[in-house]
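Please read the numbered points with the sequence and model in view.

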Amino acid sequence: MNILLTGGTGFIGKPLALTLLLQNHTLHILTRSIPKAEQRFADVRADYPEQLFFHSHLSSISNNTAIDAVINLAGESVSKRLWTTANKYTLWN
């Protein structure tokens, strides 16, 4: 499957990406920073050169590429702050 993954460099995103790669899926990781994503995946990129792609915009994905699934993990980190009432409200909204 061709999977579009947002939030792929995060706490949950990278382990999920590795699991999907091991299952022979092709990943298109949408990221704000391609250099950061490439650095985060430097240890596995050589093993999956035809299965792992980074994009900073949806428009960089070829029109000939059929995306079979989208996994959206992008958003506010749940592990970098205390779980105060105000922070829980921000996460919820």
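How far apart are the mean positions of the positive and negative charges of the protein?

1. The mean positions of the 8 positive and 6 negative charges lie 14 Å apart. Lys and Arg are taken as positive and Asp and Glu as negative, while His and the chain ends are not counted. Each charge is placed at NZ of Lys, CZ of Arg, CG of Asp or CD of Glu.

2. The model is a predicted one, in which local features need pLDDT of at least 70 and side-chain atom pairs count only at pLDDT 80 or more, whereas totals for chains, interfaces and linings use all residues. Residues are numbered from 1 along each chain as its sequence is written, and side-chain values use heavy atoms, with hydrogens and water left out.

3. Four helices and four strands make up the secondary structure, in the sequence pattern β-α-β-α-α-β-β-α. Helices (H or I, at least four residues) and strands (E, at least two) are DSSP runs, numbered from the N terminus.

4. Along the principal axes, the C-alpha atoms fill a box of roughly 45 × 30 × 25 Å. Among the 93 residues of the protein, 29% are buried (under 20% relative accessible area, with exposed meaning over 50% and partly exposed in between; 1.4 Å probe, protein chains only). Of the contacts (heavy atoms within 4.5 Å) with a separation of 6 or more, 69% join residues 24 or more positions apart.

5. The four strands form an open sheet in the order E3-E2-E1-E4, with parallel pairing; two strands pair if DSSP finds at least two bridges between them. Strands E3 (52-55) and E4 (69-72) are the edges, each pairing on one side only. In general, strands of a sheet pair through backbone hydrogen bonds, either parallel or antiparallel.

6. Strand E1 (residues 2-6) is mostly covered, as four of its five residues are buried. E1 pairs with E2 in the parallel sense over five bridges, and Leu4 has His28 in E2 as its bridge partner. Strand E2 (residues 26-30) also pairs with E3, in the parallel sense over four bridges; here Leu27 stands opposite Leu52 in E3.

7. Glu38 belongs to helix H2 (residues 34-40). With a relative accessible area of 35%, Glu38 is partly exposed. Leaving aside residues up to four places away in sequence, Glu38 touches Arg45 and Phe54. Pro15 is 23 residues from Glu38 in sequence and 15 Å away in space, C-alpha to C-alpha.
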